[in-house]
Amino acid sequence: MHRVHVVAGVVSCLFGFMGVARADEASAPVDVPVSARKEEPRVEWRAVAELGFLDVLSHSLRQGSDGSIFRFPEDGGQDNLYTFVRLSAELSLRGRHTLVFLVQPLDIQTQVVLRRDVTLDGLTFPENTPLDVRYAFPFYRASYLYDLLGGPERELSVGASLQLRNATFVFTSADGTLRRANRDVGPVPLLKVRARWALSENWWVGLEADGSYAPVALINGDDDSGTVGALLDASLRGGVRVTDQVEVFLNLRYLGGGARGTSDDNEEEFGDGFTSNWLSTATVSLGVQYRLPSAD
């Protein structure tokens, strides 16, 4: 089955959540009055985990102003589905303030035979070269959110995030004689929004997004850098409350971004420091959220 058909089927399943929730709401004998609902605790811890698959929609890399445009799905074998895992911990204070810490692994390794000559940072990998490719872009993200609504059944939160990227790109011929590697660690400030609506007593839908578009010089305080970067991590989810502590959900996510420009700190570069790297992915995952019992 084609990957597009798989994603389309999951999208239909997510929207099916809404129909099931409406039916559940209609069959409920008595709705719970708002005044009778339990108030949110002053302090609440939540643990969230997601497991699913990632599909590379598009991905291109160019290293060196005279380098080749390397398209990972076509040239680098990124045309499969890959395991997707995401872990986060949340601390909510008085139902309004939320702190989030998130860990996102992402490490794709492929093996291909090049169908054309490819030049990266001044080094040419000839056509028919067996090539090992590693693209790793794990990140860590800390966020703060303020809920404008402040209710247990609905949420409209705004805030900001600080992400730490930890990128590694490695291209190695199978015999080990040719190699180019690039590593980069740096901060990425983001704006953040999160919303959630109750469809019935137990069913809900929500969305969440982190994003930014800014010159890297503005982020790193380097006036000589001409690099511009962008990132968008946006998701739509539907879930159900299983118990007072456990919720499960289906999540659709777009995760993409990149940067283009020339670094002024290229002493360790083989080329002239120019890089253009843009990635777009879609993920489908099942998630579980566990609320630790409150001491209130």
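Start by selecting Phe70: this residue is buried, at a relative accessible area of 0% (buried means under 20%, exposed over 50%, partly exposed in between, with a 1.4 Å probe and protein chains only). You're looking at a predicted model, where local features need pLDDT of at least 70, side-chain atom pairs count only at pLDDT 80 or more, and totals for chains, interfaces and linings use all residues. Residue numbers run from 1 along each chain as its sequence is written, and side-chain values use heavy atoms, with hydrogens and water left out.

Across the whole structure, a search turns up seven aromatic pairs (rings of Phe, Tyr and Trp, the last by its six-membered ring, pair if their centres lie within 6.5 Å; planes under 30 degrees apart are stacked, over 60 edge-to-face, the rest tilted).

Next, pick Phe72 and Tyr135, another edge-to-face pair: 5.6 Å between centres, 65° between planes. Now show Phe70, Phe72, Tyr135, Phe137, Phe169 and Phe171 together: ring pairs link them into a cluster.

Last stop: Arg196, whose charged end sits over the ring of Trp204, 4.1 Å from its centre (NZ of Lys or CZ of Arg must be within 6 Å of the ring centre and within 35 degrees of the ring normal).
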